[in-house]
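Hello,

Here is the structure for your files. My notes on it follow below.

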Amino acid sequence: SPIWPEEQRAPSMTDMRVKVREARAGDANGVGPARLLVQANGDATHEHVVAALDAGSAVGMEDIRLMSYEEGDL
């Protein structure tokens, strides 16, 4: 079973950075995901989207992707 659910939500950019760092650190054996999918609502600010992408890069995520959606798409 995965260490983290496939989807994590964070109420703030600080919480988001912590969640990405914790996910990448993984379990007791240091096994964590190497892929990050940032799902950005069409109303998301550029600052928040870039912060999420940068957080993945900062912790060494090997595959970072961005998906944009509008309300009702998901």
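The chain has two helices and two strands, in the order α-β-α-β from the N terminus. Helices (H or I, at least four residues) and strands (E, at least two) are DSSP runs, numbered from the N terminus.

This is a predicted model, where local features need pLDDT of at least 70 and side-chain atom pairs pLDDT 80 or more, while totals for chains, interfaces and linings use all residues. Residues are numbered from 1 along each chain as its sequence is written, and side-chain values use heavy atoms, with hydrogens and water left out.

Of the 74 residues in the chain, 19% are buried (under 20% relative accessible area, with exposed over 50% and partly exposed in between; 1.4 Å probe, protein chains only).

The largest nonpolar core has eight residues: Met16, Val20, Leu36, Val38, Ala51, Ala52, Ala55 and Met61. Such a core is a set of buried Ala, Val, Leu, Ile, Met, Phe, Trp, Tyr and Cys residues joined through side-chain atoms within 4.5 Å. Helix H1 (13-25), strand E1 (35-41) and helix H2 (46-58) each give two or more residues to this core, and H2 gives the most, with three.

Leaving aside neighbours within four places in sequence, Val38 is in contact (heavy atoms within 4.5 Å) with Ala52, Leu53, Arg65, Leu66 and Met67.

Asn41 lies in strand E1 and is buried, at 15% relative accessible area. Not counting residues up to four places away in sequence, Asn41 touches Tyr69, Glu70 and Glu71.

Regards
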